[in-house]
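Here is a short report for a first look at this structure. Read it with the model open beside you.

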Number of protein chains: 2
Amino acid sequence: MIIDIHGHYTTAPEPLGAWRQQQLAALDGGQAPAKDGPVITDDQICESLEPNQLRLMDERGVDVQIFSPRASFMAHHAGDFETSSAWSRHCNDLIGRVAELYPQRFAPSAMLPQSPGVETTSVIDELERCVAEHDIVAVNLNPDPSGGNWTSPPLTDQYWFPVYEKLIEYELPVMVHVSTSINPAFHTTGAHYLNADTTAVMQLLQGDLFATFPQLNMIIPHGGGAAPYHWGRFRGLAMMLDKPELEDHLLNNIYFDTCVYHQPGIDTLLEVVPHRNIMFASEMIGAVRTQDPNTGHYFDDTVRYIQAAELSQASRQAIFEDTARAVHPRLDRRLKAQGR
Amino acid sequence: MIIDIHGHYTTAPEPLGAWRQQQLAALDGGQAPAKDGPVITDDQICESLEPNQLRLMDERGVDVQIFSPRASFMAHHAGDFETSSAWSRHCNDLIGRVAELYPQRFAPSAMLPQSPGVETTSVIDELERCVAEHDIVAVNLNPDPSGGNWTSPPLTDQYWFPVYEKLIEYELPVMVHVSTSINPAFHTTGAHYLNADTTAVMQLLQGDLFATFPQLNMIIPHGGGAAPYHWGRFRGLAMMLDKPELEDHLLNNIYFDTCVYHQPGIDTLLEVVPHRNIMFASEMIGAVRTQDPNTGHYFDDTVRYIQAAELSQASRQAIFEDTARAVHPRLDRRLKAQGR
């Protein structure tokens with residue numbers, strides 16, 4: 001089985017975006033959108049997925065994708081907590097419907113109603129609601145809800161601890177994933193996403209978070225940002241900061257996905273990072289939607305890179321399925337209940 | 001010959017730091033430091049370099065290092081333009097003295113008196129002074145003088161054009177290099193440096209700067225941040241932004257250094273980036289000063305990685321020497337005047 005642990009609903013039906021536009025316009029005095037959220041039919045959901053994510057999953061042999069709201073549209077910087085709260089609820093409910101419509105293909109992951117400067121206890125209600133109502137298997141946490149101004153404390157700060165406690169309580173791993181950048185210095189998917197991954201790794205390296213939360217599992221997407229390419233730098237910095245080797249300090253708790261869109265990058269990841277810390281992902285349909293003219297294949301068809309890499313069968317199986325099930329126990333139970 | 005295009009004076013004699021401390025304290029009402037700068041003897045300079053950079057250069061077979069003020073101490077965020085102006089002048093003058101004391105070993109590169117929000121025309125006087133008085137061969141430009149708050153416009157913005165015009169006039173390449181981070185989210189050398197490199201590449205990709213300045217040569221240090229590891233992502237983003245292939249869009253003007261502190265990272269760089277766009281560097285003595293217990297060698301002994309890589313003799317020669325001379329014409333003239 002191939003499990004893609006990183007997909008977003010980038011093709012959501014138009015009423016979702018229209019609702020959000022109205023919500024944002026209401027911040028400037030416009031009419032408030034419908035409190036119950038956008039009206040979207042099951043047919044619209046199917047039409048948004050079948051020619052897109054589901055088609056590509058079939059073409060590439062991906063069985064299941066962990067599916068969360070569109071990352072760049074989380075936009076936690078917009079409005080206040082109430083804004084994020086309503087937006088998160090509607091986005092997460094839509095993801096829940098996707099997982100109900102296609103229980104064999106999508107497993108739900110939630111966004112959180114973060115808002116810059118707001119205590120993180122504020123997101124717990126929505127997290128618990130998504131556990132109860134949608135049986136989510138993972139959560140996305142934005143380390144920079146300001147949208148590129150980086151005003152939040154590092155991930156190792158107590159500010160985040162209430163979220164970590166709940167994640168552990170519900171056996172949920174957390175993907176560290178920023179949203180859109182409103183800072184003109186940072187292109188959202190070309191700079192801000194990768195910078196956030198690198199930043200998160202270094203924050204975790206500087207701190208001792210997993211001494212406090214040994215059961216917490218964190219996923220650093222986009223192949224870990226710059227970290228694997230600069231693994232020697234990070235190992236050396238760990239020594240200079242009097243930290244243990246990265247394998248002991250971080251790699252019992254952090255995992256990298258395979259959203260690296262060319263063979264040499266994937267090969268670096270596989271050479272540097274222990275295979276038990278790597279989970280298959282594509283972020284399809286995401287940042288890069290074109291075909292590489294050099295290969296004739298989609299840049300984000302990361303199945304091909306893993307298949308082409310020099311890997312033992314055991315490592316390939318771990319990357320495609322086993323580690324995803326181990327790190328996402330709620331996904332594993334969901335699959336087992338389906339006889340898979 | 002081996003030319004290291006990226007070294008900072010991280011071991012400068014103590015009076016330099018003491019002068020800076022006094023300068024910063026004066027911002028809070030303390031006594032102003034000596035207007036003429038710190039008093040540092042030639043002996044102090046020699047003692048700071050011979051057991052450190054010069055010893056390591058000899059051990060590693062590095063002939064010449066392009067030497068600039070300590071990057072993390074540029075701290076352009078501190079004080080105002082006058083603060084940066086005085087600090088830059090004294091740092092650059094010290095670099096000039098190093099290059100006079102060891103003309104065979106060090107070639108000077110300057111920092112600029114940047115200050116957040118100040119027009120870039122303000123740095124021209126110091127740039128021209130360093131050309132006239134020290135015959136500098138390169139310049140470091142900080143894309144984020146705010147120190148991790150990223151308040152400046154992208155490098156493609158007209159804001160920076162006055163600097164570019166002067167760089168071209170004086171045949172100076174520019175290394176894009178941030179300084180210390182005052183944002184607790186970003187570790188200076190583990191996150192901020194790498195993020196800045198990635199950010200710069202993406203800013204340049206988004207824009208068309210080299211259509212305006214085809215003679216401008218930019219060096220992205222630290223192996224280009226995350227860019228080579230994510231080369232497929234950047235190629236795909238270029239397509240989505242309707243830009244030419246990276247080789248045409250960027251690689252006539254940007255260069256990556258080899259400050260990547262492990263063999264797999266260097267191998268990725270060499271596999272992905274055309275060899276004519278890579279210049280040898282170590283940033284020694286810099287961010288990572290320890291030995292890798294796995295190899296018994298210093299992480300930043302990047303000569304070893306280049307020697308061990310599968311490279312043609314022509315590529316190795318280009319990376320170690322030829323491209324550095326071509327991109328730094330003032331260095332080339334300096335070396336030729338020495339009969340090298």
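Strand E7 (residues 254-257) of chain A and E8(A) pair in the parallel sense, over two bridges. Strands here are DSSP E runs of at least two residues, helices are H or I runs of at least four, and both are numbered from the N terminus. Two strands pair if DSSP finds at least two bridges between them. Opposite Met279(A) in E8(A) stands Asp257(A).

The model is predicted: local features need pLDDT of at least 70, side-chain atom pairs count only at pLDDT 80 or more, and totals for chains, interfaces and linings use all residues. Residues are numbered from 1 along each chain as its sequence is written, chains are lettered from A and ligands numbered from 1 in the order in which they are written, and side-chain values use heavy atoms, with hydrogens and water left out.

**The sheet of chain A**

The open sheet has eight strands, in the order E1-E2-E3-E4-E5-E6-E7-E8 (chain A), with parallel pairing. Strand E1 (3-9) and strand E8 (278-279) of chain A stand at the edges with a single partner strand each, so one side of each has no neighbour in the sheet. Helix H3 (residues 53-60) of chain A packs on the sheet and touches E1, strand E2 (64-69) and E3 of chain A. Contact means heavy atoms within 4.5 Å. The direction of H3(A) makes about 155° with that of E2(A). Such axes are lines fitted to C-alpha atoms, for helices over the stretch in contact, and angles run from 0 to 180 degrees between N-to-C directions.

Now take strand E4 (residues 138-141) of chain A. Its pairings are these:

With the strands pointing away from the viewer, right-handed means that the path from the first strand over the helix to the second runs clockwise. E3(A), helix H6 (residues 124-134) of chain A and E4(A) also make a right-handed β-α-β unit.

Which way do the side chains of E4(A) point? Ala138(A) and Asn140(A) point one way, Val139(A) and Leu141(A) the other, and all are buried. Buried means under 20% relative accessible area, exposed over 50%, and partly exposed in between (1.4 Å probe, protein chains only). In a regular strand the side chains alternate between the two faces of the sheet.

**Where the chains meet**

The contact takes 58 residues from chain A and 58 residues from chain B. The area buried between the two chains is about 4600 Å², and carbon and sulfur atoms give 62% of that. Buried area is the accessible area (1.4 Å probe) that two parts lose on being put together, summed over both. His187(A), Tyr229(A) and Arg233(A) supply 18% of the area that chain A buries against chain B, more than any other three residues.

How many salt bridges cross the interface of chain A and chain B? The rule finds two. It asks for a side-chain nitrogen of Lys or Arg within 4 Å of a carboxyl oxygen of Asp or Glu. One of them joins Asp292(A) and Arg235(B), at 2.9 Å from N to O.

Asn183(A) is buried, with a relative accessible area of 5%. Leaving out residues up to four places away in sequence, Asn183(A) touches Gly147(A), Gly148(A), Asn149(A), Asn149(B) and Trp150(B).
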